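Work through the exercises below with the model open. Try each task before reading its solution.

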Amino acid sequence: MELLGRRTQVIKLFLVLVVVGLLRGAESRTTMKFESLEYTAISCRAHSASLTEFGGVGDGKSSNTKAFQAAISQLSQYASEGGAQLFVPAGKWLTGSFNLISHFTLYLHKDAVLLASQDVNEWPVLKPLPSYGRGRDAAAGRFSSLIFGTNLTDVIVTGDNGTIDGQGEFWWQQFHKKKLKYTRPYLIEIMFSTDIQISNLTLRDSPSWNVHPVYSSNILVQGITVIAPITSPNTDGINPDSCTNTRIEDCYIVSGDDCVAVKSGWDEYGIAFGRPTKQLVIRRLTCISPYSATIALGSEMSGGIQDVRAEDIVAINTESGIRIKTAVGRGGYVKDIYVRRMTMHTMKWVFKMNGDYGSHADGKYDKNAVPEIKGINYRDMVADNVTIAARLEGIADHPFTGICISNVTIGLAAKAKKQPWTCTDIEGITSGVTPSPCDLLPDQGPKATACNFPADDLPIDLVELKQCTYRMSYL
Ligand SMILES: *[C@@H]1O[C@H](CO)[C@@H](O)[C@H](O)[C@H]1NC(C)=O
Ligand SMILES: *[C@@H]1O[C@H](CO)[C@@H](O)[C@H](O)[C@H]1NC(C)=O
Ligand SMILES: *[C@@H]1O[C@H](CO)[C@@H](O)[C@H](O)[C@H]1NC(C)=O
Ligand SMILES: *[C@@H]1O[C@H](CO)[C@@H](O)[C@H](O)[C@H]1NC(C)=O
Ligand SMILES: *[C@@H]1O[C@H](CO)[C@@H](O)[C@H](O)[C@H]1NC(C)=O
């Protein structure tokens, strides 16, 4: 039945096209295009349509915001009938912010480029995030992300490495000149949602953060390339924020801020909201970020961060390898962190921890809200051309505890600092680490300890992707 129905639809569409073609005559030849798509996804959709069927124009000049909105609104009727895919063909599609729906896939052709509009009227303003209390750039609201979704289930943004270009220069200028009334938009933000896939895309020149899943669970981020100038402000790669069960893998990130920044809300707002980021796996990440971290935990971590597993990470010309950023007033915790098999070339610090990061939402933070940092495990790493092996600074009278570092070889640069390790207010052990660590992390000998790394899978590791096949015809 379903097949027959679809075949009739295709035949009908074809007849309509022939008639349209005849009516228009030779001067504007409308050619039908065919496309077959094959890719893996958490769900395949029963219905598919092209942006061009909703008035989309891929000339790089016409605004497609209304076409995206119309398409998504139309396709929402299929949510309970197998869901829908919106296909974006090759072309340059200028657009402002638009919202996703449940049981929906946005698919970008390999030569499709979404160009983010520079007209602020194309960007609705949202309230600050409840766990942050205010915007990052300005106290008032925040511009909605280019691709935004809230309260969704089963949503996919993917493509054959198609591009989303944030045209960030305009926003970076406004930010530097302190002209922004609202916080800059992100490229993709999905909140209060479950079953999310963001994969096989190139994200370029975001106005600010690139991918921001927040208050969500069951999230797969795979095959994302992020490219932004290394001096661009706050162009974080992927920021899981108050999320559970997230898998980030096979990503390549060059940016002006942390490649992956794990977060969970800011000071008293984050404490009150109380939603941690936990069960996070990061694997096969390559990072280039000379002024920031490969993986940062914080600084906004007031809802807590627990059970992060990172492995097979490459950092090149990056400021730090793993960085924990926090401050008195944050509250919350960072615990059960496991990192192994990291290779680093040209780093300022391999390991960094700061208990005095500062940067408060406002003056109302609780001076008794001391974050708890414990159970931090790093092993099997090699680094070369390093300026300082580690700078680990806890909080006076509230040391960071349970730090374990094993089988780590750090080659120092010719111009390295004389003292490779600086440690204050921390407790832990090391085993087989060169150069010789600080006294607060006594070396147990090369064979004494392998720091923990969990052997079990997280639920997100067991998600099975389906092979989806679409044969499409469109104008
Ligand atoms: C989305 O879900 C959150 C949390 O459950 C709720 O507070 C909010 O009102 C919902 N928003 C919409 C637009 O439904
Ligand atoms: C995707 O495109 C980017 C930018 O052109 C490129 O660097 C990257 O290698 C591509 N990824 C894949 C998997 O083809
Ligand atoms: C992304 O692309 C790669 C390489 O083409 C493919 O193996 C993988 O299945 C894709 N993943 C997703 C989730 O789209
Ligand atoms: C030490 O780490 C290296 C990778 O940096 C790895 O090849 C080696 O197997 C590790 N040794 C042990 C004993 O685990
Ligand atoms: C080592 O790092 C310095 C910057 O700290 C850089 O200029 C130099 O090219 C690097 N050397 C190698 C061999 O990568």
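Two residues are in contact if their C-beta atoms, placed from the backbone, lie within 7 Å. The model is a predicted one.

**Exercise 1. Overall build**

Task: Work out what share of the contacts with a separation of 6 or more comes from residues 24 or more positions apart.

Solution: 
- Start with the contacts. Residues 24 or more positions apart make up 77% of those with a separation of 6 or more.
- Next, list the elements. The chain has four helices and 28 strands.
- Along the principal axes, the C-alpha atoms fill roughly 85 × 45 × 40 Å.
- Finish with burial: 51% of the 475 residues count as buried.

**Exercise 2. One helix**

Task: Find the buried residues of helix α3 (residues 169-176). How do they lie around the axis of α3?

Solution: 
- Pick out the buried positions: W171, W172 and F175.
- Look down the axis of α3. The buried residues fall within an arc of 100 degrees, so they line one face of the helix.
- Recall the geometry. An α-helix has 3.6 residues a turn, so residues three or four places apart point the same way.
- Check what comes after the helix. K178 follows α3 and has a positive phi, near 55 degrees.

**Exercise 3. A loop residue**

Task: Place E122 in the chain. Is E122 buried, exposed or partly exposed?

Solution: 
- Locate E122 in the loop between β8 (112-116) and β9 (125-126).
- Count neighbours. E122 has 19 C-beta neighbours inside 10 Å. A residue needs 20 or more to be buried and 12 or fewer to be exposed, so E122 counts as partly exposed.
- List the contacts. Leaving out residues up to four places away in sequence, E122 touches S63, T65, G96, S97 and S117.
- Take G96. The C-alpha atoms of E122 and G96 are 4.7 Å apart, across 26 residues of sequence.

**Exercise 4. Two ligand shells**

Solution: 
- For ligand 3, the shell is Y39, T40, T158, S199, N200, Q222, G223 and L465.
- Elements giving two or more residues to this shell are β1 (33-41), β15 (194-204) and β17 (217-227).
- Sort the ligand 3 shell by class: two nonpolar, six polar and no charged residues.
- For ligand 4, the shell is D380, M381, V382 and N407.
- Strand β24 (residues 372-393) gives the most to the ligand 4 shell, with three residues.
- By class, the ligand 4 shell has two nonpolar, one polar and one charged.

Conventions
Residues are numbered from 1 along each chain as its sequence is written. Chains are lettered from A and ligands numbered from 1 in the order in which they are written. This is a predicted model: local features need pLDDT of at least 70, side-chain atom pairs count only at pLDDT 80 or more; totals for chains, interfaces and linings use all residues. A residue is near a molecule or strand if its C-beta atom, placed from the backbone, lies within 6 Å of it. Ala, Val, Leu, Ile, Met, Phe, Trp, Tyr, Cys and Pro count as nonpolar, Asp, Glu, Lys and Arg as charged, and the others, Gly among them, as polar. The arc is that of the directions from the helix axis to the C-beta atoms.
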